[in-house]
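Please open the model in your viewer and keep the sequence panel beside it. The tour below goes from one selection to the next and says what is there at each stop.

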Amino acid sequence: MSQKTMEVVKNLDIKRYMGRWYEIASFPSRFQPRNGVNTRATYTLNEDGTVHVLNETFTDGKRGFIEGTAYEADPQSDEAKLKVKFYVPPFLPIIPIVGDYWVLYLDDDYQYALIGQPSRNYLWVLCRQTHMDDEIYNQLVQKAKDEGYDVSKLHKTPQSDPPPEGDDAPKDTKGIWWIKSLLGM
């Protein structure tokens, strides 16, 4: 059975997309801590037009994080298909790991987003707030289903309100699971 082509957002305003996004739900990765909470991503525009990516999660009160760079997969295209590149710390800092980051849905106010990958093995529901209305969440889940994702694999990410301050928590340096989940491993 051939999958239909995934629809992605067109003409993404990258500046409006910057800032912090909270993970409301995702497909669990076997490398991701099962008890990870308050997972979030912070995007900052670099001068060269690429995006600095900071992914954080908290496990047993410890903050795990990894940083990387996102860039347009095809600068000639108007589709929101990005590549995210991480350098594997701390073992092989010279070897980049690259994953796909496709914006499948984004509301007009840039308050919530659905992120997928061509493999359909990974899916993220993101929101500017730590909580999302059920109606909006269900609409995003339906959109993912329409695009061929097995939404039964979606797992809601616990978020505390207010969210933790990142720099106060003890650090967990084993950020390798971010990379493996991006690669679809």
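In which sense do β2 and β3 pair, and over how many bridges? They pair in the antiparallel sense over 7 bridges, where two strands count as paired if DSSP finds at least two bridges between them. Helices (H or I, at least four residues) and strands (E, at least two) are DSSP runs, numbered from the N terminus.

Before selecting further, note that this is a predicted model, in which local features need pLDDT of at least 70 and side-chain atom pairs count only at pLDDT 80 or more, while totals for chains, interfaces and linings use all residues. Residues are numbered from 1 along each chain as its sequence is written, and side-chain values use heavy atoms, with hydrogens and water left out.

The hairpin of β3 and β4 has 2 residues between the strands, and Asp60 in the turn has a positive phi of about 50 degrees. Now colour β3 (residues 51-59) by accessibility; 8 of its 9 residues are buried, so the strand is largely enclosed by the rest of the structure. Here buried means under 20% relative accessible area, exposed over 50%, and partly exposed in between (1.4 Å probe, protein chains only).

**Glu56 and its salt bridges**

A salt bridge is a side-chain nitrogen of Lys or Arg within 4 Å of a carboxyl oxygen of Asp or Glu, and the structure holds 7 of them. One of these joins Glu56 to Arg20, with the closest N and O atoms 3.7 Å apart; because Arg20 lies in strand β1 (residues 19-26) and Glu56 in β3, the pair ties together parts that are 36 residues apart in sequence. Glu56 also forms a salt bridge with Arg40, the closest N and O atoms being 2.9 Å apart, and this pair ties strand β3 to strand β2 across 16 residues of sequence. Arg40 counts as buried at 2% relative accessibility, whereas Arg20 is partly exposed at 32%. Salt bridges that share partners join Arg20, Arg40, Glu56 and Arg63 into one network.

**From Arg63 to the rings**

Select Arg63 next, whose charged end sits over the ring of Phe65, 4.4 Å from its centre (NZ of Lys or CZ of Arg within 6 Å of the ring centre and within 35 degrees of the ring normal).

Then show the aromatic side chains. Rings of Phe, Tyr and Trp (its six-membered ring) pair if their centres lie within 6.5 Å, with planes under 30 degrees apart counted as stacked, over 60 as edge-to-face and the rest as tilted; by this rule there are 7 aromatic pairs. Tyr17 and Tyr43 form a stacked pair, 5.7 Å centre to centre with 15 degrees between the planes, which links helix α1 (residues 14-17) to strand β2 (residues 37-45). Tyr17 is buried at 2%, and Tyr43 is buried at 8%. Finish by selecting Tyr17, Trp21, Tyr43 and Tyr101, which ring pairs link into a cluster.
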